[in-house]
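Let's take a walk through this one together, a piece at a time. Have the sequence and the 3D view ready.

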Amino acid sequence: MRKKIVAGNWKMNGTQEEGQKLTSEIVNMVQDERISDVTVVLNPPFIHASNVKKLIGGVDNIFLGGQNCSDKESGAYTGETSAKILASFGAKYVILGHSERREYFKESNEELTAKVKQALANDLTPIFCCGEPLEIREAGTHEDYVKEQLTASLFGLSEEDFSKLVIAYEPIWAIGTGKTASSDQAQEMHAAIRAHLASKYGKAAEETSILYGGSCKPDNAQEIFSKADVDGGLIGGASLKSRDFVDIIKSF
Ligand SMILES: O=C[C@H](O)COP(=O)(O)O
């Protein structure tokens, strides 16, 4: 049985007070509404890590994650945060290769492989993002584009390492635009991603959770999550509103 996961990516949002309020509300709702069969991951900006971890407390199915980590182990890299530091604050997950990191910070496939290795070496589960821009979708080459992203960054991993990954498919044209992929478009891509991963890692790909991201909201999550190869969501905007985020979690 694949793990059902809903991860909230706060991106660069939330003051200390807002982050604490959001976390407390989510933690309370998940407990009061007895949600226990979905793994929930909160990915705040790094500086919120201790606050968020403290507020999650001992709740079994809510975890702290990062939005990125360095490809280096440690050293003179001003402004960077290593996987080791993140893990030492109690994080269990880390988003890697988000399209905003690829675009604005020019993260390359090779750099992402190094980040994945750093994460795994520090017992963090990478949530590895892939997804195509609008022009590639319009040209009809989106499957090949995404497969190439996965091949380039992940296919050098051992099967044991690969089996620890979570994949997030995020069509760039659907991120923050209010324009979500249809559930059929999501299923088509998730199935293609799984088949591609299986071509290299065989049965291990059957156990890999593949999350959908891109304008996922309470009113479309149920339809998207009902698809056979969609195992959850990576949620941006709607993860900043506790009620919306928890309603998405309840959409399974
Ligand atoms: O990481 C999350 C995604 O970029 C989706 O963002 P969004 O839900 O605001 O479209």
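Before we start, here is how helix packing is described: an axis is a line fitted to C-alpha atoms, for helices over the stretch in contact, and the angle between two axes runs from 0 to 180 degrees between N-to-C directions. Keep in mind, too, that what you're looking at is a predicted model.

Start with helix H5, which covers residues 109-121, and helix H7, which covers residues 142-154. Their axes lie 8 Å apart, and the two helices pack at an angle of about 55 degrees. Angles under 35 degrees count as roughly parallel and 65 to 115 as roughly perpendicular, and H5 and H7 are therefore oblique to each other. As for handedness, the crossing of H5 past H7 is right-handed. Where do they touch? On the H5 side you'll find Asn109, Leu112, Thr113 and Val116, and these meet Gln149, Ala152, Ser153 and Leu154 of H7.

H7 passes H9 in a right-handed crossing. H7 brings Glu143, Val146, Lys147 and Leu150 to this contact, while H9 brings Met189, Ala192, Ile193, His196 and Leu197. Sorted by class, the contact of H7 with H9 has 6 nonpolar residues, 1 polar and 2 charged.

Next, the ligand. It has 14 residues around it, and the closest are Asn9, Ile175, Gly213, Gly236 and Gly237. Of the shell around the ligand, 8 residues are polar, 5 are nonpolar and 1 is charged.

Last stop: which residues does UniProt give for "active site"? The unreviewed entry places that feature at His98 and Glu170. They are spread over 73 residues of sequence but cluster in space, where the largest C-alpha distance is 8.4 Å. To find His98, look in the loop between strand E4 (91-96) and helix H4 (99-104).

Note on methods
Residues are numbered from 1 along each chain as its sequence is written. This is a predicted model: local features need pLDDT of at least 70, side-chain atom pairs count only at pLDDT 80 or more; totals for chains, interfaces and linings use all residues. Helices (H or I, at least four residues) and strands (E, at least two) are DSSP runs, numbered from the N terminus. Angles under 35 degrees count as roughly parallel, over 145 as roughly antiparallel, 65 to 115 as roughly perpendicular and the rest as oblique. A crossing is left-handed if the near helix is turned anticlockwise from the far one by less than a right angle, and right-handed if clockwise. Two residues are in contact if their C-beta atoms, placed from the backbone, lie within 7 Å. A residue is near a molecule or strand if its C-beta atom, placed from the backbone, lies within 6 Å of it. Ala, Val, Leu, Ile, Met, Phe, Trp, Tyr, Cys and Pro count as nonpolar, Asp, Glu, Lys and Arg as charged, and the others, Gly among them, as polar. UniProt positions are given in the numbering used here, feature names are shortened, and annotations may be inferred rather than shown by experiment.
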